[in-house]
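This report is meant for a reader who meets the structure for the first time. Please look over the sequence and the model before reading on.

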Amino acid sequence: MKKQSADSEPLVGSEFPDDAFAEIRALLLARRDLDLDMYKDRCLKRRIATRIRRCGFHEATSYIALLHRSEQEVDSLVEALMIHVSQFFRNPSTFILLEEKILPLLINKLHAFGRSEINIWSVGCAGGEEPYSLALLLDNLDRKGLGVKILATDLSDDIIHQASQGCYEEQRLVEVPPEILARYFVKEDRHYHLAKRIRKMVTFRQHNILGKDLFPACDMIMCRNVMIYFSREEQENVFHRFAKALNSEGYLILGRAETLQGNTRRLFTVESPAERIYRRTLAEAY
Ligand SMILES: C[S@@+](CC[C@H](N)C(=O)[O-])C[C@H]1O[C@@H](n2cnc3c(N)ncnc32)[C@H](O)[C@@H]1O
């Protein structure tokens with residue numbers, strides 16, 4: 001088969017020119033305060049190349065020119081770089097452990113301390129499936145009069161807006177037990193709408209965990225399938241900040257493929273190695 005000339009060959013991630021990548025990195029840092037240095041290169045290059053092809057370009061220079069003149073394309077590129085895959089009760093065994101052990105323990109402790117509220121932060125919440133799953137669990141637990149505040153944040157404005165609507169296709173709900181589905185969702189056309197009472201338990205906000213914004217104080221942080229995209233150094237930095245944000249003996253829950261890095265291990269006790277659940281230890285105070 002005759003080989004195409006370099007000009008007309010579609011751009012692929014593995015051949016993405018370093019200088020073009022550096023230019024895009026600088027542009028996103030200046031315009032969106034998004035530092036791609038903190039993410040792993042190989043996934044980024046592949047996704048940028050896909051976006052460039054989707055825009056109809058075969059090389060990076062014309063695409064960079066488009067980025068310079070279009071704010072909308074900068075937003076679209078940020079969207080293309082993020083993966084928002086999620087599901088209600090993703091990894092169900094984690095949620096079973098939360099429901100049967102971790103949350104009741106936490107509720108008892110907060111109640112004993114005279115607290116009136118439980119504060120949870122869902123980081124990289126994507127379409128809201130994760131924080132809403134927590135809200136559904138808490139709605140069905142004896143909370144001993146404690147109020148619930150779940151803050152759900154993500155880098156992407158678009159996905160945060162979508163999450164606040166609480167409207168889902170069936171594939172996001174395959175792990176939802178039938179009685180929960182019947183009780184809390186209304187099906188209209190091909191979408192399932194989550195009950196307003198549960199939606200009101202969650203506040204959505206745009207937030208970049210690699211940025212300078214403060215981390216909110218909380219009793220539990222759920223940050224699953226977000227760290228995998230970050231460099232080891234950056235993960236360690238974020239874990240330190242999580243430890244600072246967590247109230248003493250608060251919980252940190254990571255994704256199945258994630259683990260604490262470096263000397264952040266000494267800040268937590270492992271509650272469940274399989275479910276990646278860690279408890280902030282009292283010993284090492286900041
Ligand atoms: C694969 S989803 C994980 C969704 C959910 N936590 C789960 O496990 O099902 C990763 C999410 O992390 C978000 N994300 C990536 N970088 C981020 C950052 N620097 N700050 C906050 N969120 C980020 C993405 O926008 C995306 O929605």
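Which residue in strand 10 stands opposite Ile 253? The model to be consulted here is a predicted one, and in it Ile 253 stands opposite Ile 277 in strand 10. The two strands concerned, strand 8 (residues 246–254) and strand 10 (residues 277–280), pair in the antiparallel sense over three bridges.

**The sheet and its helices**

This pairing belongs to an open sheet of seven strands, which follow one another in the order 6-2-1-7-8-10-9 with mixed pairing. At the edges lie strand 6 (202–206) and strand 9 (268–272), each of which pairs on one side only. On average, and with direction ignored, neighbouring strands of the sheet are turned by 20° against each other.

**Two domains**

The protein is divided into domain 1, covering 13–81, and domain 2, covering 92–280. Their C-alpha centres lie 30 Å apart, and eight residues of domain 1 are in contact with nine residues of domain 2. On the side of domain 1 that touches domain 2, four residues are nonpolar and four are charged, while no polar residue is found there.

**A pair of helices**

From helix 1, Ala 20, Glu 23, Ile 24 and Leu 27 meet Ala 60, Ile 64 and Leu 67 of helix 3. By class, the residues of this contact divide into six nonpolar and one charged, with no polar residue.

**Around the ligand**

The shell around the ligand holds 22 residues, of which Met 82, Ser 86, Gly 124, Ala 126 and Arg 224 come nearest. Sorted by class, the residues of this shell divide into 11 nonpolar, seven polar and four charged.

Terms used:
Residues numbered from 1 in each chain as written. Predicted model: local features only at pLDDT ≥ 70, side-chain atom pairs only at ≥ 80, totals over all residues. Near = placed C-beta within 6 Å. Nonpolar A, V, L, I, M, F, W, Y, C, P; charged D, E, K, R; others polar. Domains from an automatic or database assignment. Contact = placed C-beta atoms within 7 Å. Helix = DSSP H or I, 4+ residues; strand = E, 2+ residues; numbered from the N terminus. Pairing = 2+ DSSP bridges. Axes fitted to C-alpha atoms, helices over the stretch in contact; angles between N-to-C directions.
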